[in-house]
Amino acid sequence: LHSDVDRGEGRTKYLLTGEGAGTVFVIDEATGNIHVTKSLDREEKAQYVLLAQAVDRASNRPLEPPSEFIIKVQDINDNPPVFPLGPYHATVPEMSNVGTSVIQVTAQDADDPSYGNSAKLVYTVLDGLPFFSVDPQTGVVRTAIPNMDRETQEVFLVVIQAKDMGGHMGGLSGSTTVTVTLSDVNDNPPKFPQSLYQFSVVETAGPGALVGRLRAQDPDLGDNALMAYSILDGEGAETFSISTDAQGRDGLLTIRKPLDFESRRSYAFRVEATNTLIDPAYLRRGPFKDVASVRVAVQDAPEPPVFTHSTYHLAVPENSAPGTLVGHVSAMDLDSPASPIRYSILPHSDPERCFSIEPQDGTIRTSVPLDREARAWHNLTVLATELDSSAQASRVQVTIQTLDENDNAPQLAEPYDTFVCDTAVPGQLVQVVRALDRDEVGNSSYVSLSSPLGPDANFTVRDNRDGSASLLLPHRLALPRREPYLVPIELRDWGQPALSSTATVTVSICRCKPDGSVASCRPEAQLSPAGLSTGALLAILACVGTLLALVVLFVALRRQKQEALMVLEEEDVRENIITYDDEGGGEEDTEAFDITALQNPDGAAPPASAPAARRDVLPRAQPPRQPRPPGPADVAQLLALRLREADEDPGVPPYDSVQVYGYEGRGSSCGSLSSLGSGSEAGGPPGPLEPLDDWGPLFRPLAELYGAKEPPAP
């Protein structure tokens with residue numbers, strides 16, 4: 001930098017500010033020359049904006065305004081191309097045509113594309129020829145040869161290089177890999193690995209049993225390898241069927257119809273395998289199917305006897321005598337037709353033992369007379385067993401129908417109890433009665449009166465010829481009556497021989513309202529007026545009063561008894577308390593309890609000696625108390641004495657008792673205040689009461705209570 005005001009006198013000073021000033025760029029203050037302090041990278045920063053200014057060295061006064069200038073970093077080819085998205089993975093269908101696009105790769109060069117050829121890239125294939133090629137400018141990878149077969153090679157590794165400087169010498173380069181996978185197409189038909197398949201199956205195998213598996217090989221994958229199998233020959237298709245397994249690869253050969261070794265021992269047919277999905281673009285590589293021969297050998301197996309019919313339907317008249325022939329069943333051993341068969345009826349199918357069967361020839365007969373009305377059908381299960389092998393057995397269902405005979409007389413469908421109004425006109429319909437016949441023969445029974453009609457008959461019967469009859473009123477009824485009419489009816493069927501029965505229809509004579517409803521079914525003359533006499537009412541009232549008195553008395557007695565129980569229940573505390581029903585006599589009563597327990601031990605008379613009480617029996621009298629030892633009273637010794645007496649006394653209760661002591665001790669100077677010890681020890685007159693008088697006026701009433709003063713001497 002150089003300013004016009006700088007005349008070389010050294011008075012000008014150059015200053016540099018802005019981007020990178022002082023770090024990347026420095027300036028010579030005297031000459032204005034700018035130097036770079038380190039290597040620059042255009043890819044990091046392409047240009048720097050700086051401010052330069054000339055100032056007076058002595059005063060730092062600006063000599064001219066600051067000037068802005070830009071330093072641009074010139075690019076050089078110092079960055080190789082890179083593939084930011086590599087490595088690449090691509091898929092292309094097998095058998096694709098030449099030039100089929102696989103993938104496009106893109107490289108980037110950090111150099112300046114506007115300056116020289118540093119960023120001009122060219123793509124080439126380093127590895128992967130001759131199968132793939134790449135467009136030099138666009139980087140599009142394409143197939144280079146036709147009919148690439150996935151079954152031959154499925155995966156290809158292609159290396160692509162990108163070089164700058166337009167691919168010329170001295171340019172920098174970078175590479176990436178492209179993994180190309182050939183996807184499968186249906187270009188291979190199925191093929192059986194062998195032309196003949198042989199299987200064997202036991203004749204007892206039922207429909208649906210698996211005979212064997214067939215697999216046609218197809219090198220394709222997925223849906224392109226799915227196959228369908230079919231039987232080409234009609235004979236094999238009728239006896240066998242083939243289907244594809246769940247994976248769609250194997251053919252499952254199964255039995256369609258039962259096999260019989262005696263009738264046919266082997267089957268031969270052809271099976272075809274076909275791809276289910278066929279691509280029309282590859283039909284030229286077909287046909288997409290293959291055929292193989294199959295031979296199935298039927299193996300003999302022990303078989304149970306076979307009945308001539310799958311089911312049997314027999315019939316027998318009811319009421320037939322035991323031993324009547326019903327029919328017969330027949331079975332044969334196919335393995336050995338001359339082998340004898342044994343027949344039997346399973347017990348659970350004939351629990352009542354109504355039938356029997358001949359074990360040798362299968363003849364079925366009745367064992368008891370049958371009743372069609374009780375049971376019309378019998379379902380038997382007959383078992384046929386080979387004599388030489390009891391394990392070989394077969395069953396058959398035999399249905400026996402019991403044929404009907406006319407053995408039941410007709411009866412009324414229901415009991416008929418009807419009425420007729422006393423005002424009924426002649427010819428009026430009273431009731432339609434219907435008959436039922438349990439037999440199938442002669443169900444259309446007719447109805448007639450049980451006796452010839454006379455001119456004075458009250459009712460007539462008309463047969464309707466449909467199993468019913470109409471009960472009619474031939475003429476007006478004479479007089480009302482209390483009892484109903486019992487009309488006899490004779491029922492007869494059309495069977496051979498004809499059967500008949502007699503029934504009765506009850507007809508009541510009733511008074512009816514104008515609308516035809518019943519008002520009363522008793523004549524008025526027979527009705528008694530409702531009401532009670534005076535005597536009957538009095539008798540009823542007397543009975544009621546007596547019952548009330550008894551009830552009141554019973555309640556009172558019961559309440560009194562409950563109150564007595566309640567009192568006893570309240571007093572029954574069930575603790576250490578004894579309840580006495582008698583009342584004590586106060587201080588004079590000395591028999592209710594031991595008064596000595598409340599007396600002063602000093603004043604108690606020493607008891608006389610007595611023999612020791614027995615410990616094994618209950619004493620009749622209380623044992624004497626042991627005398628208190630002389631000397632000063634000690635409460636602890638007194639309590640120990642009373643405790644020992646209670647323990648040694650066999651007459652005390654077995655539970656603890658409470659002893660009440662009235663002795664107050666000797667701590668008071670005036671002695672005891674209890675009245676129990678106021679008498680003398682010898683029972684003489686009371687002692688002098690001067691001490692109480694000496695106590696003062698407050699104790700004079702007490703002295704007057706417990707004794708009178710001696711009269712003064714005259």
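The unreviewed UniProt entry lists residues 536–557 as "transmembrane region", in the numbering used here, with feature names shortened and with annotations that may be inferred rather than shown by experiment. In the model, that span is 100% helix and 0% strand, and its end C-alpha atoms lie 32 Å apart; helices (H or I, at least four residues) and strands (E, at least two) are DSSP runs, numbered from the N terminus. Residues are numbered from 1 along each chain as its sequence is written. This is a predicted model, in which local features need pLDDT of at least 70 and side-chain atom pairs count only at pLDDT 80 or more, while totals for chains, interfaces and linings use all residues, and side-chain values use heavy atoms, with hydrogens and water left out.

Strand pairing can be followed through E11. Strand E11 (residues 155–163) pairs with strand E8 (residues 122–127) in the antiparallel sense over five bridges, where pairing requires that DSSP find at least two bridges between two strands. Within this pair, Thr124 has Gln161 of E11 as its bridge partner. Strand E11 is also joined, by nine bridges and again antiparallel, to strand E12 (residues 173–183), and there Lys163 has Ser173 as its bridge partner.

Strand E33 is joined to strand E34 (residues 468–472) by four antiparallel bridges, and Arg462 stands opposite Ser470 in E34.

The next topic is the charged side chains. A salt bridge is a side-chain nitrogen of Lys or Arg within 4 Å of a carboxyl oxygen of Asp or Glu, and a search of the whole structure finds twelve of them. Arg213 and Asp250 form one at 3.2 Å, N to O, linking strand E14 (residues 210–215) to strand E17 (residues 250–255) across 37 residues. Asp250 is buried at 11% relative accessibility (buried means under 20% relative accessible area, exposed over 50%, partly exposed in between, with a 1.4 Å probe and protein chains only). Asp250 also forms a salt bridge with Arg215, with the closest N and O atoms 2.4 Å apart. Both arginines are partly exposed, Arg213 at 47% and Arg215 at 42%. In another salt bridge, the closest N and O atoms of Arg372 and Asp404 are 2.9 Å apart, and both of these residues are buried. Salt bridges that share partners join Arg213, Arg215, Asp245 and Asp250 into one network.

One disulfide is counted, taken as a pair of cysteine sulfur atoms within 2.5 Å. In this disulfide the sulfur atoms of Cys421 and Cys512 are 1.9 Å apart, and the torsion about the S-S bond is about -95 degrees, so the disulfide is left-handed. The pair links distant parts of the chain, with Cys421 in strand E30 (residues 417–421) and Cys512 in strand E36 (residues 500–512), 91 residues apart. Cys421 is buried at 13% relative accessibility, whereas Cys512 is partly exposed at 22%.

Finally, Phe307 in strand E20 (residues 306–307) is buried, with a relative accessible area of 10%. Its contacts beyond neighbours within four places in sequence include Tyr312, Val329, Ala331 and Tyr343, contact meaning heavy atoms within 4.5 Å. The C-alpha atoms of Phe307 and Ala331 are separated by 3.9 Å, although the two residues are 24 residues apart along the chain.
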